[in-house]
Amino acid sequence: MPLAISLIAPSSFTPEDAIERGVRGLESLGVTVRRPAPLQRRTRYLAGDREWRLAQLHAAHEDPDTQAVWAVRGGFGCAQLAEDIDWARLAHRPKPLIGYSDLTALLHQCHLRGLPAIHGPVVKAASLLLEGPEEERNIIHTQFEETLDLIRGPARLDYPLAAWGQAPTRLGGPLVGGNLVTLASLAGTPLAFRAPPGALVILEDVGEPYYRLERALWQLVQAGALDQAGAVCLGTFEGCRAFDATPLEAIIAETLAPLGVPLYHGLPVGHGLRNRPWRYGATGVIEGSCLTAMG
């Protein structure tokens, strides 16, 4: 089924040539991309002031000719919008919001209100469908095709992962989470993240030294955000810098120890080449070395 998407820029500013390359990449998959003109009205490092970005988000959801709302990139800015979103307007014509990283704040808020959301690649990354080594293009192609399948409806996807230390051989729960530092930044605000009972909390990040990741996770633990989590599942931590030989998984396991939450790692989700999509709030089942998302 041919798809049309509404392109939005809810976070940081993106150079126009990067947007154009991303749009051409999506169009190579047969996707029609609709966007306002202009898409951005640069304000400092943002794609526009709050009113501009908010109006764009509302208009994209109300467009009767598109099936999804897709962010061009993350960065910073989404949390600024959440409290002023007219959620009833979004619910009038529900369609999945797609993105990751800074979009984490809005994906979780959509889920809390029963609105569809997909943690997946941003439009800017679609430029890699048309450039770079063939092997990398194939990986990106699979991720975008999986994302398009999730837009069309429920789909079952399997992801590799591995247990770190002692962990149940089988467990299940809703898939939530996203960017670790973004989630930690919401603690103490009306947008604060709390994992629902039994949730499989997926975490990823980029460019952060390990001590900042430990600090962010400690903040979530102390805020009670993971009290009811069924497990924590680590995606990629692209460009995150170690202090010594201690693996990041060991640091995270130590921080989670008071909660007794099992830890898994190796999910192909996050910044970097491997960023497979998953429907936010879908039922996930971990069995052996596989996470299966249904929905």
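Biologist: Where is E51 placed, and why is E51 called exposed?

Modeller: In this predicted model, E51 sits in helix 2, which covers residues 50–62. Its relative accessible area is 57%. Exposed means over 50%, so E51 counts as exposed.

Biologist: Which residues gather with E51 in a patch, and what makes the patch negative?

Modeller: D49, E83 and D84 gather with E51 on the surface. Asp and Glu count as negative, so a patch of D49, E51, E83 and D84 is a patch of negative charge.

Biologist: What stands out in the loop between strand 2 and helix 2?

Modeller: P38 is found in that loop, and the peptide bond leading from A37 to P38 is cis, with omega near 0°. R44 lies in the loop between strand 2 and helix 2 as well. The phi of R44 is near 50°, a positive value in a residue other than glycine.

Biologist: Is R44 buried or exposed, and how do you know?

Modeller: R44 has a relative accessibility of 54%. The cut-off for exposed is over 50%, so R44 is exposed.

Biologist: Where is S101, and what is its phi?

Modeller: S101 is in the loop between strand 4 (97–99) and helix 5 (104–112). Its phi is positive, about 60°, although S101 is not a glycine.

Biologist: Is S101 buried or exposed, and how do you know?

Modeller: The relative accessible area of S101 is 12%. Buried means under 20%, so S101 is buried.

Biologist: Why is the contact between R276 and E146 called a salt bridge?

Modeller: The closest N and O atoms of R276 and E146 are 2.9 Å apart. A salt bridge needs a side-chain nitrogen of Lys or Arg within 4 Å of a carboxyl oxygen of Asp or Glu, so this pair qualifies. The pair links distant parts of the chain: R276 is in the loop between strand 11 (263–265) and strand 12 (278–279), E146 is in helix 6 (residues 134–152), and they are 130 residues apart.

Biologist: Are R276 and E146 buried or exposed, and how do you know?

Modeller: R276 has a relative accessible area of 15%, and E146 has 12%. The limit for buried is under 20%, so R276 is buried and E146 is buried.

Biologist: What makes E287 and R170 a salt bridge?

Modeller: Their side chains meet at 3.4 Å, N to O. That distance is within 4 Å, so the pair is a salt bridge. E287 in strand 13 (residues 283–287) and R170 in strand 8 (residues 170–179) are 117 residues apart, and the pair links distant parts of the chain.

Biologist: Why is E287 called partly exposed?

Modeller: E287 has a relative accessibility of 47%. Partly exposed lies between the 20% limit for buried and the 50% limit for exposed, so E287 counts as partly exposed.

Biologist: How many salt bridges does the count come to?

Modeller: The count comes to ten salt bridges.

Biologist: How many aromatic pairs are found, and why is the pair of W278 and Y280 called stacked?

Modeller: A search of the whole structure finds three aromatic pairs. W278 and Y280 form a pair with 5.4 Å centre to centre and 25° between the planes. Centres within 6.5 Å make a pair and planes under 30 degrees apart count as stacked, so W278 and Y280 are a stacked pair. Both W278 and Y280 are buried.

Conventions: Residues are numbered from 1 along each chain as its sequence is written. This is a predicted model: local features need pLDDT of at least 70, side-chain atom pairs count only at pLDDT 80 or more; totals for chains, interfaces and linings use all residues. Side-chain values use heavy atoms; hydrogens and water are left out. Patches are made of residues with over 30% relative accessible area and no salt bridge: like charges are joined within 9 Å, nonpolar side chains (Val, Leu, Ile, Met, Phe, Trp, Tyr) within 5 Å. Accessible areas come from the Shrake-Rupley method with a 1.4 Å probe; for residues, only the protein chains shown count as cover. The place of a charge is taken as NZ of Lys, CZ of Arg, CG of Asp or CD of Glu. Helices (H or I, at least four residues) and strands (E, at least two) are DSSP runs, numbered from the N terminus. Buried means under 20% relative accessible area, exposed over 50%, partly exposed in between (1.4 Å probe, protein chains only). Rings of Phe, Tyr and Trp (its six-membered ring) pair if their centres lie within 6.5 Å; planes under 30 degrees apart count as stacked, over 60 as edge-to-face and the rest as tilted.
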